[in-house]
Amino acid sequence: MPDVSDGERSGREMDHLTLADVGEGGLLRRIFPLLPGGDHTVLGPGDDTAVVRAPDGRVVATTDLIVEGRDFRHDWSSPQDVGVKAAAQNLADVAAMGAVPTSLLVGLVAPADLPVDWAVGLSEGLALGCVGTGAGVVGGDLSSGPVVVVAVTALGDLEGRPPVLRSGARPGDVVAVAGSLGRSAAGLAVLQSGWPDAGPLAGAELTGSSAAEVDTWARAVVRTHRRPEPPYAAGPEAARAGATAMLDVSDGLLRDAGRVADASGVCLDLDDAALGGRFVEPLRSLSDALGADPWTWVLTGGEDHGLLATFPSGSVPASFTVIGSVRPRLEGGPDVLLDGHAPSSVVPGWDHFRP
C-alpha cells in the first residue's frame, strides 16, 4: 500500500492551524481535493447527497466507528493510519458479503482545537485505504465533540451474485481463511510493550532468534495493526467459487467462527496444525521476545480483517488456506472446536462493551 509520511503530505506544508481557526468550510476546501472519486461515482461531495451507480440494482451497506482512546491512540497512530484503518474495516465487510466496494461516506467528530493537519492526514489515509478497490469517498458530515470519532459507511455492489451470508455453512464443508490472523494483535502487544522507546524487543531472552529477526517482525506487525490490508479481491473470488458462508474476522477467529457456526446451526472444527504452520509459527520469535502466547494472538486477536469462509470440498480458491471443517452440531456442544476439543485456554475475542 502506498505511504504518505508526515513530511511528504502531497507536497504541502503543515499549517499548525486548528479546526476552530479555519471552520467547517475551510476544512472542506482542504480535504475535498484529497478524496478519491471512485469508479461508481456519478456525483461526489458538494451537494446534499452524492449519487452512486448501483449496477446490480441492490446495494450492500455497512457502517463502523473508530473512537479516540478506544480504537486508536494519537501517540501510536498517525492520522493517515487512522484513515487507512477506518476504510479497511468497512471495505472488508463489503468484501465479506462477496461484493465489490463502490463508495464510502465519512462522518468526523472532533474537538475544535484539533490541528487541521490531523484532519487532512485522516483524509489522505482514507484515500490510501481505497487504493485498488475502486471505491471513492463521496460525502459525509462534520461535528464537534470532546474526542475524535470517525464514522464510516461503506457501500458495495454484488455484481449479480447472491450475497454470501453467515448462515450457509453445511456439514462436510471446509473452513478456510484469506489474509492474516494474529498480526494486528501482535502489533498491539508490541506497542503496549513500549517499543521502540523502551528499547529493542530482542533485549529479552530469546530462543534461537536474532535481534534483527525480532525487530523485523515487530515492525511488520505494528504496521498491520496501524494499517491493515484486507484481501478485498478474495471476497468476490470466494463468492464466484461457491462459498457457502463468509465474514470478516474483526473480533478474533474463535468469536467470529462462532458467529458462522451459530448462524448456520453447525460446528466449526479448526485444525491446529494448519493454523500453527501458517499463522502461529511465523510469530514465534516475536512472542518469545514478549513472553506472550502466539496462539492467543491468532485465535482471539482482531483487526487483521482477513476473511473466514466455508466452501464445499474441492472448491477453495487459491487465495484461501484451509484451516478446518464443518461438522454437525451436537446438542449442547460448543460452536467451535480445535482438533475436536473445546478451546479452554484462551478468551473468546474482542467485545466492545467488556474490558
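Me: Which residues lie nearest the centre of the second largest pocket?
Reply: Leu28, Phe32, Gly139, Gly140 and Asp141, out of 24 lining residues in this predicted model. A pocket here is an open set of points on a 1 Å grid over the protein atoms alone, where a 1.4 Å probe fits, with protein on both sides within 12 Å along at least five of seven lines; lining residues have an atom within 4 Å of a point.

Me: Which elements give two or more residues to that lining?
Reply: Helix H1 (19-31), strand S4 (100-110), helix H3 (116-130) and strand S5 (136-144). S5 gives the most, six residues. Helices (H or I, at least four residues) and strands (E, at least two) are DSSP runs, numbered from the N terminus.

Me: How are the models and residues handled?
Reply: Residues are numbered from 1 along each chain as its sequence is written. The model is predicted, so local features need pLDDT of at least 70, side-chain atom pairs count only at pLDDT 80 or more, and totals for chains, interfaces and linings use all residues.

Me: Other topic: what is the phi of His305?
Reply: Near 60°, a positive value in a residue other than glycine. His305 sits in the loop between helix H10 (294-300) and strand S10 (306-311).

Me: Is His305 buried or exposed?
Reply: Buried (under 20% relative accessible area, 1.4 Å probe, protein chains only), because its relative accessibility is 2%.

Me: And where is Asp339?
Reply: In the segment after strand S12 (336-338). Asp339 also has a positive phi, about 50°, although it is not a glycine. At 37% relative accessibility Asp339 counts as partly exposed, the class between buried and exposed (over 50%).

Key. Side-chain values use heavy atoms; hydrogens and water are left out.
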